[in-house]
Every structure is written in structure tokens, then in C-alpha cells.
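Please open the structure in your viewer and keep the selection tool at hand. The stops below name what to select next and say what is there.

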Amino acid sequence: MEKQDFFTSRWGLILSALGISIGTGNIWRFSRIVAQNGGGSFLIPWVIFLFIWSIPLIITEFALGKNSRKGPIGSFIKTAGSKYGWMGGWIAFVSTAIMFYYAVITGWCFYYLYATLSGSLLATPDHLQFWNQFSTSNLPVIFNFIALAVAAFVVLRGVSNGIEKVNKVLISFLFVIIIILLIRAVSLPGAIEGLKYFFTPKAEYLLDYKVWLNALTQNAWDTGAGWGLIMTYAVYMRKNEDISINAAIMGFGNNSVSLMAGMIIFSTVFALGSGDPLSQISQSGPANTGLTLIYLPKLFSTLSSSYTVNYFFTTIFFLALSFAALTSLISMVELASKSLSDFGINKKKAIIIVAFIGFAFGIPSALDIKFLLNQDWVWGMALILSGAFISFAVIKYGVDKFRMGLINGEGCDIKIGKWYNFIIKYLIPVQAIVLIIWWLSSSISWDKEFLNPFRSENFATCVFQWTIVLVSLFLLNKKLNKFFINE
Amino acid sequence: MNDYLPLIVAIIIVGIIWGGFAFFVSTAIKFEKRKKSNNA
């Protein structure tokens, strides 16, 4: 029996939880989505959904992990019952599938940091060509390996010596870097126009349901709520650790970083960009890299007439991006290896298996961006279903019993009120159903061949891959149970 | 009024998000201090 490792302090747990949620989505997806959805008009629903999607799910995940001391499968069996272990299996599978391509994205960030340090990124006259040369070479595979090796090394060191220590350093540095970049960006001449756009709501966008659905999607993808990652870290919470305040810090902390990143990007692009700044922020580019890996490096190289100043700011930007990506990847490796070790496999062996499988399954995404986009579409969408499954587990257990016993139980600093019952019982399932229907129906309209499952981002590829995984897990349910029922 | 709209929205949004973050961090510090003094 392996000795249970715990987070040694509350701040270690909070910074590690922030490490889960603060990822590349805060820096490169958030600004793009704000630009596409009317600036300040997007921010209003985005704040509302923090309260009615993200924070309630974060609270629930903390409670599930803390009380079951198991990964998602064991947590579901213990909470919803033995019939529903497959739902936990779905959550574990989806986050692991995301890990396969997220390691590739982390590798991109590492490479751009390396290219900045070596001077080649600032020296290039054509940033699009620089990206094309990189993405069509074997370098993404090599950097995918490096990213997974670093993440696995941290997880191998354990929770207190690895995950906690690394997150304490990286997330603290990340906050410092973001604040330095924010001060520099908002003090650029012309930055005020970017900030004005970022904070100005427009009635026509506020009345558009698509803006609201995009705001909900951003919360579902960006805060780490519903991924099963918080559930996994919560396994290592001490018994007398609080849930409600920690969950609130995680939700507000994540969105604080998004807000700062948005202000940095809007200020920089409006101050330094030529042409239409909005189209430059909102353009996706290849694999949605347009803003972060092509346009921003170009702008950073014109930040000032001093090469040293430009070098410094470009370096700390890619350092922040790499830290954000790595801390999220670490949590994904931990979730996958914890789920494996729950079946009796030695934890260290499980981590090595996960790292090698992760590398192997990441190769197609590293070599073919269309494959990466396909996986991002299929498993990104699947997270919404994961959120619905988590609320189902609580409903099955009894929402009030869950709130009073597991959330407001031992170690609780602030008791959660009955508002939680309403959100989990009604609002989360309704939001999940609406989002899934909206995204799937939209995917029918944007692809004429929507019934062809071998296309990159359409209806059939999503339903096809989901069905294979859901049916397999459902059929394996009895076998999954065997490992947990006897405990 | 329109000139001040972005400023008003900025104060509200930043106030809720950053203010919420600062509020909960300070609340957690307060509870941690209380727990430590209780243990002592």
C-alpha cells in the first residue's frame, strides 16, 4: 500500500488548483473570443456564468475528491453508485484525450520560448513562415516529448515535493510576469483605444444569444470546472481543509488572469498594430495560433527601438505562456496516472505508462494540425457532458445531503447555502443541454458533409467518437466496479 | 454618458473579478490565522 501524500498547506493547494485552471486558454483563446463577441458585451455574461457554472462545479469537484479519496471513476462509484462508474470513466478519458494534444500545444509554447531565447524569433521577418516551418517539421514531436517528460518528472516527485512545489513557484512567477506585461501594455501610447473596446458593451451583442453561449463555453473550457482535474487534486487535500473559499479563489483567480491577459493583448494590438486591430485579434490563423504565435511576436519585435527591451518582453510573455501550459499539463498527467493507479497499478509505473502513451497518442496531433483541431473539437465539447455528469452524481447522491455533509462538513470555513442546490439540480443540466444542442446544431450548419465522421470539425466526427467511448465504458462498467466495490 | 460607459463597465467587471479574488484571498488568510491560533 502506497503512503497517501497530501498538499502541505492551503496555499500550496490553491496555487496548484490555479495551475490547473490557468492555461493557454486564458491567454490566447479568451482575447480572441472577446474580440469576436463584441468586447465588453461578452464580459457581462462571462462574469454571470462564473457564478452559475464554474464556481458551483469547482466546489462539487473539491467535495467529490476530498471525500472519496479516489480519481473520477472511484468518486462516481462512491457518490452516484456502482451503476455509474462509467460516467467517471468518461471524465477521466476525456481529460486524458485532451492531454494527448495539450502536450503538443505545451511543446509549441516551449519551442517559442526557446526560439525567443535563441534570438531566432525576434530576427525573423515573416512570423507566419516561421510558424509554418516549425509546424511542418519534426520539432513539434520532439517538443511534445519534452513537455510530457517535464510534466511526468514533476508528477513522479509526488504531490508535496513535485506538484505543490512546482506550482507554488510557477504560478507565483506567472502572476508577477502578467502584472509586468500589463503595466507595460496599458502604458503604450494608443493602448486606451484597446481598453475602451475591451470594456464597452454594445446592446446588439448583449441581446445576441450566441454571445451568451460563447461566454458559457469559455467558462466551461477555461476554468477547469468539470474536467475531473480538481477532483483529482482534492484527493490530496487534508481533512480539515476548506472547500468553498478555495473554490472561489480558484474561479476568481483564473478569471482575473484572463482579464489581465485580455487587457494586455487589446492594449498591445491597438497600440502597435497596423490595419484593423479587431480583425487581427479575432482571426484564428492555423490551429487558432494566429494571435499568439504569429501576430503577437511580430508586435513584440516592434515594442521599442531597443532590442533588449523587445527581447525581455517577448521572453517573459512566452515564459508565462509556457508556465500556464505546463501547470495544466501536470494536472492532466496526474489525473490519468491517478485513475490508473486506482486499479492497483503502482503510481510510479502508472505515471511512466501515461507519459509514454501520451507521447505516442500525441504524435498524430504534433504532425497534423487538422488532427489536433479534430481532437480539440471532439473532446473540448465532451467537457460539457462531463460537467453534466458531475451534477448528475450529486443529484443521485442527494443534493442537500451532499451540500450539508460533504461540502459544509469537516474543515469548512464558510457554509454554502441552498442556492447551490438550485444551481446543481437545475441550472447546470439545463446549461449543459443547451450548449451541447447549440454546438452540435451549429456544426451541422457549418459543414455540408456533416454526416461524414472523417472530417475535422463537424457533427458526425463528434457523435461517432463520443459513441465509441461511451458504449465501451458502459459495457466495461461491471469490470470497473470490481476494483472499487470490495474496498 | 457614452464616454463614461467603458469606464463604468471596467470598474464593475474588474471590481467583481479582482475584488472577488482579493476578498476571498484575504478571507482565507483570516481563517488560516484563526486556525493557527486555535491550534497554538
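This is a predicted model: local features need pLDDT of at least 70, side-chain atom pairs count only at pLDDT 80 or more; totals for chains, interfaces and linings use all residues.

Chain A contains 23 helices and zero strands, and its C-alpha atoms fill a box of roughly 65 × 50 × 50 Å along the principal axes. Its radius of gyration is 22 Å, which agrees with the value near 23 Å that a compact globule of 487 residues would have. Of those 487 residues, 56% count as buried, and among the contacts between residues at least 6 apart in sequence, 82% join residues at least 24 apart.

Which residues touch the most other members of the largest nonpolar core? They are A:Ala151, A:Leu329 and A:Val333, in a core of 176 residues. Helix H5 (residues 85–118) of chain A supplies the largest share of this core, with 23 residues. Centre the view on A:Val333 and show its surroundings: leaving aside residues up to four places away in sequence, A:Val333 touches A:Met99, A:Ala151, A:Ala152, A:Val155, A:Ile351, A:Val354 and A:Ala355.

For a contrasting stop, select A:Arg69, which lies in the loop between H3 and helix H4 (72–79) of chain A. Most residues other than glycine have a negative phi. A:Arg69, although it is not a glycine, has a positive phi of about 55°. Is A:Arg69 buried or partly exposed? It counts as partly exposed, because it has 16 C-beta neighbours inside 10 Å.

Now select chain B, which has one helix and zero strands. The C-alpha atoms of chain B fill a box of roughly 55 × 10 × 5 Å along the principal axes, and 15% of its 40 residues count as buried. Within helix H1 (residues 5–39) of chain B, pick B:Gly19, which is partly exposed because 14 other C-beta atoms lie within 10 Å. A distance drawn from B:Gly19 to B:Ala40, C-alpha to C-alpha, comes to 32 Å, and the two are 21 residues apart in sequence.

Finally, show both chains together and turn to the place where they meet. The predictor gives the complex an ipTM of 0.95 and a pTM of 0.94. Here 18 residues of chain A are in contact with 17 residues of chain B. On the side of chain A that touches chain B, the elements that give two or more residues are helix H3 (40–68), helix H10 (191–199) and helix H14 (244–272), and H14(A) gives the most, with eight residues. If you colour this side of chain A by class, you will find nine nonpolar, five polar and four charged residues.

Definitions and conventions
Residues are numbered from 1 along each chain as its sequence is written. Chains are lettered from A and ligands numbered from 1 in the order in which they are written. Helices (H or I, at least four residues) and strands (E, at least two) are DSSP runs, numbered from the N terminus. A residue is buried if 20 or more other C-beta atoms lie within 10 Å of its own, exposed if 12 or fewer, and partly exposed in between; C-beta atoms are placed from the backbone. The radius of gyration is taken over C-alpha atoms; the globule rule is 2.2 Å times the number of residues to the power 0.38. Two residues are in contact if their C-beta atoms, placed from the backbone, lie within 7 Å. Ala, Val, Leu, Ile, Met, Phe, Trp, Tyr, Cys and Pro count as nonpolar, Asp, Glu, Lys and Arg as charged, and the others, Gly among them, as polar. A nonpolar core is a set of buried Ala, Val, Leu, Ile, Met, Phe, Trp, Tyr and Cys residues joined through C-beta atoms within 7 Å.
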